[in-house]
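Visitor: I have just opened this entry and would welcome a short tour. Could you walk me through it?

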Amino acid sequence: MKTAFHRSSKLALAATALTLGLGLQTAAAQIQPLPQGPAETILNGPLPDIIPTTIGLVMKTGPVAWGGTQVLDHPLHADATQVGPQKNMCRFFPVAYRTHNKGTGNAGAFVTKTYRDGTLVQSHNVPGGLPAKSGIDWHKFTIDLKEGMNVIRVVFDANKQVAETDEQNTYSIRVSVKIDCNGDGKIGGVAGPQGGFKQAPVEHGPDPVKPRRLRLKPRG
C-alpha cells in the first residue's frame, strides 16, 4: 500500500510540474516582442507623398481643375484632325501637369501614367525620384481625343514603387470634344446647324394705281 501511494504521489507531482512548465512557456511566448524588419523601420520614418499641383491639368484653352470638365468646341482648339489608328480623333498639344512631393521623406524612382478612357496614352518616368517638399515643372505631352466625352486620368506612382503617406494617386478630368475630328461633316454622329441666315419672304406692296385718262367734252 505504501509503495502504491508513493508512486501515485510522484505521478501527481510530475503532472503538476509539466503543467506549470507549459504555462510558463506559453506566457513567455506571448510577451516576446515581435521582430522589427526593414518594412516597419521605413513606415516609422518620414514618408513622401506624390501629388499633382492643385492647378489641375492644363489644356490649350487653359487649366482644368481636377474633377472638372472642359469643352473644346472650336476647330482652332485642335492641332490636327483625322489622326489615330482609325483617323477619327483630334490631336491636342500641349497637355501638361506638374508633380509635387509634399511629404517629409524623399521619393525614389517612379512613373506617372496618363489614360484616356482606360487606354494608356502617355508615360512619364522619373528615374531620379523626387526629394521631400520639391516638385517637377510642367510635363508637356500630346494627346488624341475622340469626338464626344473623354475621361483623362493621371496616375502618379502608377506602379506603386514608392511607399507614401497617401496611396490615393489618381486624378482625372472630363473633356467634351465638339469638333469634327473624323471629317464626316458631323460632330458625334450628329450634323451641325446649317450656316448663314434664313432669308425672310419678300413682301409685295400694293398694286400700282392705274393712270386715268382724261376725256375732254366737246363745246356746245
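Guide: Please note at the outset that this is a predicted model.

Visitor: In what sense do strand 5 and strand 6 pair, and over how many bridges?

Guide: Strand 5 covers residues 80-83 and strand 6 covers residues 89-101; their pairing is antiparallel and runs over two bridges.

Visitor: Which residues is Asp-144 in contact with, leaving aside its neighbours within four places in sequence?

Guide: Asp-144 is in contact with Val-83, Gly-84, Met-89, Cys-90, Arg-91 and Arg-116. Asp-144 itself belongs to strand 9, which spans residues 134-146.

Visitor: Which side chain makes a polar contact with the side chain of Asp-144?

Guide: That partner is Arg-91, and the two side chains come to 2.7 Å in this polar contact.

Visitor: Is Asp-144 buried or exposed?

Guide: Asp-144 has a relative accessible area of 16%. The cut-off for buried is under 20%, so Asp-144 counts as buried.

Visitor: What else lies in strand 9?

Guide: Ser-134 lies in strand 9 as well. A polar atom of the Ser-134 side chain is 2.6 Å from the backbone oxygen of Pro-131. Not counting residues up to four places away in sequence, Ser-134 touches His-100 and Asn-101.

Visitor: Let us change topic. How many aromatic pairs does the count come to?

Guide: The count comes to four aromatic pairs. One of them joins Tyr-97 and Phe-141 in an edge-to-face arrangement, with 6.0 Å centre to centre and 65° between the planes. This pair links distant parts of the chain, as Tyr-97 is in strand 6 and Phe-141 is in strand 9, 44 residues apart.

Visitor: Are those two buried or exposed?

Guide: Tyr-97 is buried, with a relative accessible area of 0%. Phe-141 counts as buried too, at 5% relative accessibility.

Visitor: What about Tyr-97 and Phe-156?

Guide: Tyr-97 and Phe-156 also form an edge-to-face aromatic pair, at 5.4 Å centre to centre and 80° between the planes. Phe-156 sits in the loop between strand 10 (148-155) and strand 11 (170-177), while Tyr-97 is in strand 6, so the pair ties together parts that are 59 residues apart in sequence. Both Tyr-97 and Phe-156 are buried.

Visitor: Which residues do the ring pairs link into a cluster?

Guide: The cluster consists of Trp-66, Tyr-97, Phe-141, Phe-156 and Tyr-171.

Visitor: And where does the charged end of Arg-153 sit?

Guide: The charged end of Arg-153 sits over the ring of Tyr-115, 4.8 Å from the ring centre.

Visitor: How many bridges join strand 10 to strand 11?

Guide: Eight bridges join strand 10 to strand 11, and these strands run antiparallel. Across this pairing, Gly-148 stands opposite Val-177 in strand 11.

Visitor: How are side chains arranged in a regular strand?

Guide: In general, the side chains of a regular strand alternate between the two faces of the sheet.

Note on methods: Residues numbered from 1 in each chain as written. Predicted model: local features only at pLDDT ≥ 70, side-chain atom pairs only at ≥ 80, totals over all residues. Heavy atoms only, no water. Helix = DSSP H or I, 4+ residues; strand = E, 2+ residues; numbered from the N terminus. Buried < 20%, exposed > 50% of the residue type's maximum accessible area, 1.4 Å probe, protein only. Polar contact = N/O pair within 3.5 Å; in protein donor to acceptor, adjacent residues only side chain to side chain. Contact = heavy atoms within 4.5 Å. Pairing = 2+ DSSP bridges. Phe/Tyr/Trp six-rings, centres within 6.5 Å; stacked < 30°, edge-to-face > 60°. Lys NZ or Arg CZ within 6 Å of the ring centre and 35° of its normal.
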